[in-house]
Structure formats: structure tokens, C-alpha cells
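Thank you for sending this structure for comment. My notes are set out as numbered points below the display.

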Amino acid sequence: LLSSTTGDIAIAFFMVGVPASFIVGCLADVMEKRSLLFLAVILIGEGACLGTYFVTTYRQLYVCRALTGCSVGGAMPLIYSVLGDYYEPRERGWVSGAISMGCGIGISIGQGAAGVLGPRFGWRMPFLVVSIPAMICAVAVWMCIPEVERGAGEKLTLSREVPHRIDGERFDSEGSEVELTGRTDEEIVEDTNDTNSCEMRRTTQATSRTTLSAPDSPEQGLYIQLDSQESSGSSPLSIEAERVTERRTNYIFCGQLTKYYQKSIHPHMQTLKTLLQCPSVLLGVFQGAPGCIPWGIINTYLNDYLSSDRGLSVEGATLVILVFGVGNFIGTFLGGVGSSYLYAHGPQYPAILSSGSAIAGCFPLWGLINYNFDSNRNEDDDNNSGNGSNYFVLGLISILAGILSGITGPIVKATLQNVTMPKTRGQAFALLNIFDDFGRGLGPAFVAWMIEKLGGRRNAFNVGICGWIFCGVLNGLLFFTVEADEEKVRLGVEQLVKKNTRGANLSEREREELS
């Protein structure tokens with residue numbers, strides 16, 4: 001293919017992935033059968049990948065590669081929405097790290113398969129080999145993995161931290177079930193208030209002035225307001241207001257359109273509005289924009305730059321990039337484990353690690369950009385120890401840059417899970433994915449513009465690496481916001497648990513009276 005047509009296919013891949021990410025994120029927030037949604041997303045994308053093996057025209061190839069973007073764009077918000085319910089906040093750091101490492105391993109396997117199978121069996125064979133196992137795994141997930149209750153991770157944490165009833169059962173401070181026979185709801189509430197009076201007073205003060213996003217129902221806009229707070233102008237229409245609106249509708253079409261908007265679109269718009277009002281969500285999403293500029297340098301330009309401008313051979317430059325990838329894999333692991341460890345001491349401390357690693361990663365990358373291999377090797381022994389020692393230095397710089405670059409990602413994803421309600425996480429990660437996709441596309445273009453304006457690649461790269469400094473600053477600001485935002489989520493989940501428990505108990509009494 002020509003370079004222009006290859007670029008068109010890449011653009012189509014991401015342009016389909018962006019709306020797919022938002023649509024799947026919205027569906028992940030409202031659908032109960034999320035394993036079925038996962039199956040559909042993977043089958044659409046990997047089915048198109050399988051279809052690439054059979055294409056005969058450029059148009060067919062274009063459509064298949066565009067549809068493959070559905071899996072890439074839609075999988076991430078769905079996966080993190082489900083994992084946020086499976087795991088507690090303190091565990092989400094290493095879980096996010098494991099997912100990121102899995103993605104890295106998958107990319108490496110795909111590239112290796114293409115390199116091995118492509119020259120021998122043709123360019124079509126890798127698409128066939130990669131797509132079939134993916135579809136088998138998707139079917140296995142749908143058949144074998146049970147659906148998880150929304151907010152299960154937060155409920156498990158609450159059962160340990162605050163004694164209260166969850167799903168009609170009583171738990172003590174260590175999560176052990178306590179016998180409730182012979183005790184009324186009033187006695188249980190009184191006992192809970194006595195043992196947690198100080199905490200409940202703080203909770204009452206906080207909730208009296210806080211609007212919380214929470215997973216209640218689509219009709220309520222996927223958020224709740226505490227009883228002590230009056231309805232604001234952003235709250236959804238009440239049932240009576242809906243009736244008035246319907247009576248005033250003169251045309252059936254307009255009435256149906258309004259009803260459809262209120263029930264289908266308005267809740268998601270309310271969720272989006274609520275997310276954009278959360279400082280931690282904004283910082284977590286926007287930090288990726290400047291961070292994509294150095295990644296544009298690494299992924300698009302660095303290999304050629306090291307061989308053309310810094311005096312490395314093509315094989316040597318490729319080896320340096322490979323070592324950087326190994327370091328990034330190690331950094332992703334350290335970021336996940338470090339996030340979980342620091343979270344145990346306070347939810348704000350992982351932000352220090354993500355911020356510091358992003359800023360520190362600039363220095364070895366600057367060294368990699370400015371290290372002149374030609375001037376640092378001996379002319380008399382190009383193939384001897386002097387040459388090897390220079391590769392050793394470059395390897396150390398490259399692996400250090402890779403380690404520091406991989407730490408931030410898992411921490412940001414774990415933080416985003418912790419500051420969003422169970423029925424808003426899909427859209428939150430859709431926003432993160434959209435910004436990352438635009439960054440992947442615009443990052444190299446922005447670097448190309450800097451190369452033209454700054455008179456060469458070296459100057460442009462040195463300036464572009466500063467994007468990680470801005471990324472680190474935004475991550476550092478999470479230190480001041482994440483604790484308060486996570487407390488709002490905890491209060492929102494606790495409020496919903498109590499509300500659902502009271503409703504369940506009331507229904508049970510009514511059934512007893514009727515019998």
C-alpha cells in the first residue's frame with residue numbers, strides 16, 4: 001500500500017474507535033449483562049480482523065480495519081468498569097498494572113507473529129492467527145465469568161470499615177456476619193450510630209453540602225442527591241413535570257422525541273456533566289494530553305533518529321527501542337504494585353509516585369536524545385569493547401527511561417476507578433480513551449510541526465519531552481483532590497446501600513402482611 005492509503009486506514013481505525021469507546025462506555029454504565037456486551041464488542045472487532053484475511057479490494061480492507069477499532073476503542077471502558085466492581089479500591093492499582101502488562105504482551109505477540117508469519121505465509125496470515133484466539137477467549141469469558149454486582153468492591157470495603165447492613169445482612173468491623181434474629185431495624189441503626197457517632201456526624205456535615213454521582217437509575221440521571229439537599233437546576237425532571245411536559249406537547253412526534261431524550265440521552269448527559277464537575281476526573285483525563293507528545297516522539301521518530309542523527313546502526317537503534325520496551329514493562333509492574341502499597345497508607349499518596357516518575361522520566365529520555373554515539377566511541381575499535389561499552393550506557397539510559405515512563409499509567413487508571421461511581425466508570429474511561437486516541441494521532445503531528453518551526457529534530461524532541469513535566473504536574477495536583485472525591489464516592493455508595501436495604505426490608509414486610 002502507498003503511505004497515504006496506510007495513513008487513511010490508521011485514521012479510520014481511530015475515528016471508529018473514538019465513538020465506539022463512548023457508546024460502549026455508556027452501555028457499560030446501564031447494561032446488567034456486561035459479559036454479553038463484552039462478547040459483542042470483541043466479536044465485531046475481531047470478526048472484522050478475521051475478515052481482513054479474505055479481503056480482495058482496498059475498500060473491503062478499509063472497512064475491516066475501521067471496524068476493528070470498535071474492539072480497541074470499546075474494550076477499555078468496559079473492562080475497567082467491570083474490574084472496578086470485582087476489586088476493592090486498595091487492589092485496583094496492581095489490577096490496572098496487570099491489565100496494562102497484558103496489553104503490552106499482546107502487542108508484542110502480535111508484532112512477533114506478523115514478523116514471523118508475514119514473510120513466510122503472506123501479510124494476511126497474522127490477521128487470521130490473532131483474531132481466532134481472541135474470539136475464543138471472548139466466548140469463554142461470556143460463558144464462564146459470572147456477572148458481578150455493581151459497586152461490589154466498594155460494598156466489601158464498607159463492610160470492613162463501617163458496620164451496617166448490606167443486602168439484608170449485618171457485618172462487623174472485620175467483615176464477619178452477625179446474627180440479626182430478634183433485632184429491629186431501629187435497634188440496628190441505633191447501634192450503628194452509637195459505634196460510629198463521630199464518623200456519622202462528619203458524614204452528615206459532608207453530605208449536607210455535596211452532590212454525589214451515583215448509580216441509581218437511568219430515570220434519575222445516574223446520580224443522586226442527598227435528602228438534606230434541595231434539588232438544583234441540574235436535576236432531572238420529576239414525574240409530575242414529565243406529565244406536564246407531555247400535556248403541553250402539541251405533536252406526537254415531538255412528544256416521543258422528548259420522551260426518548262429524557263429516558264435515553266439525558267441520563268448519559270447528566271453522567272457526563274457530573275464527571276466533568278469532579279476535579280480528580282478532569283486531572284486524570286487531561287494529564288494524558290501533554291503526556292502523548294513524548295510518546296509520539298518515541299513511537300514515531302526515535303528509532304530513525306537514533307540511526308540517522310546519533311550514529312547508531314539500524315540494528316542498534318532497534319535494540320535500544322526494545323530495551324526501552326522491556327523497561328516500560330517493568331515500570332508498569334512497579335506502578336501497579338506501588339500504587340496498591342501507597343494506597344494502603346492513604347489514597348492521595350499514589351499521586352506522588354505518578355507525578356515524580358513522569359517528571360523524572362524526562363531526564364533519561366533527554367539523555368537518549370542527546371547522546372552522540374559517534375563521538376563517544378573509539379574510531380580504532382568500532383567492533384571492540386569501546387563500541388560495546390557505549391551500547392551498555394545507552395541500554396542503561398533506555399531501560400531507565402522505560403521504567404519511569406511505565407509507572408504513571410496504572411496509577412491514573414486505578415485513581416479514576418476510585419473517584420467514580422460504579423455506574424459512571426464506563427463513561428469516565430471512555431473519556432480517558434478518547435483523549436489518549438486523539439493524543440496518539442495528534443502527538444506525532446504536533447512533533448512534526450515543532451520539527452519544522454524549531455529547525456530540526458533534536459531541538460523539537462528536547463522541547464516535546466517537556467510534555468511529561470506538565471503531565472507530572474497534573475498528576476501531582478491529584479494529591480490535593482483525590483481524597484475528597486473518593487470520600488464522596490464512598491458516601492454515595494453507602495447512601496445507595498442503605499436506600500436499597502430499606503426498600504428490600506419494606507417489600508418483605510408488605511409480603512408478610514399480604515400473606
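The points below go from the chain as a whole to particular helices and their packing.

1. This is a predicted model, in which local features need pLDDT of at least 70 and side-chain atom pairs count only at pLDDT 80 or more, whereas totals for chains, interfaces and linings use all residues. Residues are numbered from 1 along each chain as its sequence is written, and side-chain values use heavy atoms, with hydrogens and water left out.

2. The chain has 20 helices and 5 strands, these being DSSP runs numbered from the N terminus (helices H or I, at least four residues; strands E, at least two). Of its 515 residues, 46% count as buried, where buried means under 20% relative accessible area with a 1.4 Å probe and protein chains only. Among contacts (heavy atoms within 4.5 Å) between residues at least 6 apart in sequence, 75% join residues at least 24 apart.

3. Helix α2, residues 34–51, has 18 residues and reaches 25 Å from its first C-alpha to its last, which is close to the 26 Å expected at 1.5 Å a residue; the expected span is 1.5 Å times one less than the number of residues. Its buried residues include Leu37, Phe38, Val41 and Ile42, and also Arg34 and Glu46.

4. Helix α17 (residues 408–418) is largely enclosed by the rest of the structure, because 10 of its 11 residues are buried. Among them are Pro410, Lys413, Ala414, Gln417 and Asn418, and these five residues of α17 meet Arg92, Gly93, Ser96, Gly97 and Ser100 of α4. The contact of α4 with α17 divides into 2 nonpolar, 6 polar and 2 charged residues, with Ala, Val, Leu, Ile, Met, Phe, Trp, Tyr, Cys and Pro counted as nonpolar, Asp, Glu, Lys and Arg as charged, and the others, Gly among them, as polar.

5. How do the axes of α4 (residues 92–121) and α17 cross, and within what distance do they come? They come within 8 Å and cross at roughly 130°, the axes being lines fitted to C-alpha atoms over the stretch in contact, with angles from 0 to 180 degrees between N-to-C directions. The two helices α4 and α17 are therefore oblique to each other, given that angles under 35 degrees count as roughly parallel, over 145 as roughly antiparallel, 65 to 115 as roughly perpendicular and the rest as oblique.

6. The axes of α12 (residues 288–308) and α13 (residues 314–343) come within 7 Å and cross at roughly 150°, so α12 and α13 are roughly antiparallel to each other. Their contact includes Trp295, Ile298 and Leu302 of α12 and Val320, Ile321 and Phe324 of α13, and by class it has 9 nonpolar, 4 polar and no charged residues.

Definitions and conventions:
Buried means under 20% relative accessible area, exposed over 50%, partly exposed in between (1.4 Å probe, protein chains only).
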